[in-house]
Amino acid sequence: MTGIEGEISRHPLIEASKLVELNLSETLLDDRLLVCITKSFPMLGILNVSRCYKLTNVGVEQASFPSLCFLALANCMIGIDAILYLLEKHGVFAETVCEGN
């Protein structure tokens, strides 16, 4: 490849689409961004969104998880219905832990 096609194929964001593990814990991740991330990184196998307080059941249920095996949701506002949905629809194991005060 030469010219712009060669430059684009070597761009770091193109390589990032092959990402298999991502830690977004303690960020301002929300439902809309979760959906975007899961579409952009189809090879993602492990995702940590612990302590992402803007994330809700809606985002978890709308996201696409084609390769995800494990989703860490510690201290998130995600209900059991969304977790069961993940397991049933995508076969994703979700870890939810609430730390005591």
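Q: What makes a pair of side chains a salt bridge?
A: A salt bridge is a side-chain nitrogen of Lys or Arg within 4 Å of a carboxyl oxygen of Asp or Glu. This is a predicted model, in which local features need pLDDT of at least 70, side-chain atom pairs count only at pLDDT 80 or more, and totals for chains, interfaces and linings use all residues. Residues are numbered from 1 along each chain as its sequence is written, and side-chain values use heavy atoms, with hydrogens and water left out.

Q: Why are R51 and E26 called a salt bridge?
A: The N to O distance between their side chains is 3.7 Å, and the limit is 4 Å, so the pair qualifies. By this rule the count comes to 1 salt bridge. R51 lies in the loop between β2 (46–48) and α4, and E26 in the loop between β1 (21–23) and α3 (31–40), 25 residues apart. Helices (H or I, at least four residues) and strands (E, at least two) are DSSP runs, numbered from the N terminus.

Q: Why is S50 called buried?
A: Its relative accessibility is 5%, so S50 counts as buried. S50 is found in the loop between β2 and α4. Not counting residues up to four places away in sequence, S50 is in contact (heavy atoms within 4.5 Å) with S25, E26, A72, L73, A74 and C76.

Q: How do you know that the buried residues of α5 are on the same side?
A: In α5 (residues 80–90) the buried residues are A82, I83 and L86. They cover an arc of only 105 degrees around the axis, which puts them on the same side of α5; the arc is that of the directions from the helix axis to the C-beta atoms. These residues pack against α4 (57–62), β3 (70–72) and β4 (93–95). The face turned away from the buried side carries the exposed residues I80, D81, E88 and K89.

Q: How do you know that residues 1–9 should be read with caution?
A: pLDDT is the predictor's confidence in each residue, from 0 to 100. The chain averages 81, and 78% of the residues score at least 70. Over residues 1–9, however, the pLDDT is below 50. Where pLDDT is low, the predicted coordinates should not be read in detail.

Methods. Buried < 20%, exposed > 50% of the residue type's maximum accessible area, 1.4 Å probe, protein only.
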